[in-house]
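Here are a few exercises to work through with the model open. Try each one before you read its solution.

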Amino acid sequence: MASTDADEDQLLKSFLAEVSEAERDNEVLRILGCFKLNPFEHLKLPFDSSADEVKKQYRKLSLLVHPDKCKHPKAQEAFSALAKAQQLLLDPQERGYILDQVTAAKEELRAKRKKELKKDSASKIKSQVDEGKYEEQYERSEEFQKQLIIKVREILTDKEWRRRKMQMRISEEEGRLKKDEEETKEMWKKKREHEEKWEETRDQRVSSWRDFMKTGKKARKGEIKPPKLKTEDPNKSYVQRPVKRA
């Protein structure tokens, strides 16, 4: 095993030594031009690649675009994209999510293929005679793999759009709830301040009312005035004030 790893390291070093600067630049551009939601594309790997294959491919490509070895101004960005792709594919949950979308894409393509075969009797007969071998061979073809990559892109894009839309709705709802909470707090704050101010002037109001009841005089400026008594005549033509007592 150690001998095999050493041989692979030697082959990798030989490969990197032969790579030109132009090839490194092209790889940087390829990585940055990949569909961002599919890490398999960044690492140029098929969907059934193992974890070990992911690690080996990452090591090869990362050395190819490493900022210390590649002079392209966006080498660091490409290097980071590869690191993220490896991280996603080595994470069981993230990898499982992507492979679920691959399975969904295959099912859609198979259903489409089944409809096409109904129109092509020769292909249908051949697929039945070969007991599925014809379809297995087709799914390994370059044509099917290209269609699969495109379909996976469509599904991942749709899922991401739905996720972002839901996140936006959640954020909007959280913002609305926060605003309502702040408005409620402000309302109770004002009510509390009003009650406190009303309580602070209680003695003054009671004293002013007592003075008025004793003297019948209006409260001095700045004092809180008691409510005025109003007596309306039947015709409501004027308002009669209480007669001031001598």
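Going along the sequence, the chain runs α-α-α-α-α-α-α-α-α-α-β-β, which comes to ten helices and two strands (DSSP runs numbered from the N terminus: H or I of at least four residues for helices, E of at least two for strands). This is a predicted model, where local features need pLDDT of at least 70 and side-chain atom pairs pLDDT 80 or more, while totals for chains, interfaces and linings use all residues. Numbering starts from 1 along each chain as its sequence is written, and side-chain values use heavy atoms, with hydrogens and water left out.

**Exercise 1. Check the span of α6 and inspect its N-terminal end.**

Step 1: α6 covers residues 92-119, 28 residues in total. Step 2: its first and last C-alpha are 41 Å apart, close to the 40 Å expected at 1.5 Å a residue (1.5 Å times one less than the number of residues). Step 3: at the N-terminal end, Asp91 is the cap, with a side-chain oxygen 2.9 Å from the backbone nitrogen of Gln93.

**Exercise 2. Find buried residues of α6.**

Step 1: buried is under 20% relative accessible area, with a 1.4 Å probe and protein chains only. Step 2: the residues of α6 that pass are Arg95, Ile98, Gln101, Val102, Ala105, Leu109, Arg113 and Leu117. Step 3: for the chain, the buried share is 25% of 246 residues.

How values were computed:
Buried < 20%, exposed > 50% of the residue type's maximum accessible area, 1.4 Å probe, protein only. Polar contact = N/O pair within 3.5 Å; in protein donor to acceptor, adjacent residues only side chain to side chain.
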